[in-house]
Amino acid sequence: MAALAWLLIPFFAAVGAAIWGGWASRNRTIGDVAELAGYARFRDAMAKPTPAPTDAA
């Protein structure tokens with residue numbers, strides 16, 4: 001019976017690794033639309049020319 005217990009430990013570790021691997025490789029493309037829109041706004045803001053400095057002195 002003790003040998004069975006020692007064989008169950010790697011079995012549960014393998015099942016846990018398979019579950020974690022499936023979770024880690026899931027498809028995470030849900031938030032891409034908002035992030036791409038934010039990046040487009042960032043590019044537009046960086047493409048604008050900077051205003052010329054004014055002489056305050």
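The following questions and answers concern a predicted model of a protein.

Student: What radius of gyration does the protein have, and is it spread out or compact against the globule rule?
Tutor: The protein contains two helices and zero strands. For 57 residues the globule rule gives 10 Å, and the protein lies well over that, so it is more spread out than a compact globule. The C-alpha trace spans about 90 × 30 × 10 Å along its principal axes, and the radius of gyration is 27 Å.

Student: What percentage of the 57 residues is buried?
Tutor: To count as buried, a residue must have under 20% relative accessible area. The accessible surface of the protein comes to about 5600 Å², and 71% of that belongs to carbon and sulfur atoms. Among the 57 residues, the buried share is 0%.

Student: Is Phe-12 buried or exposed?
Tutor: Phe-12 sits in helix 1, which covers residues 2-24, and it belongs to a nonpolar surface patch that also includes Met-1, Leu-4, Leu-8, Phe-11, Val-15 and Ile-19, with about 770 Å² of accessible area together. The cut-off for an exposed residue is over 50% relative accessible area. Because its relative accessibility is 54%, Phe-12 counts as exposed.

Student: How far apart in space are Gly-21 and Glu-35?
Tutor: Along the sequence, Gly-21 and Glu-35 are separated by 14 residues. In space, taken from C-alpha to C-alpha, their separation is 26 Å.

Conventions:
Residues numbered from 1 in each chain as written. Predicted model: local features only at pLDDT ≥ 70, side-chain atom pairs only at ≥ 80, totals over all residues. Heavy atoms only, no water. Patch = residues over 30% accessible without salt bridge, like charges linked within 9 Å, V, L, I, M, F, W, Y side chains within 5 Å. Areas by Shrake-Rupley, 256 points an atom, 1.4 Å probe, with all protein chains shown as cover. Salt bridge = Lys/Arg side-chain N within 4 Å of Asp/Glu carboxyl O. Helix = DSSP H or I, 4+ residues; strand = E, 2+ residues; numbered from the N terminus. Buried < 20%, exposed > 50% of the residue type's maximum accessible area, 1.4 Å probe, protein only. Rg over C-alpha atoms; globule rule 2.2 N^0.38 Å.
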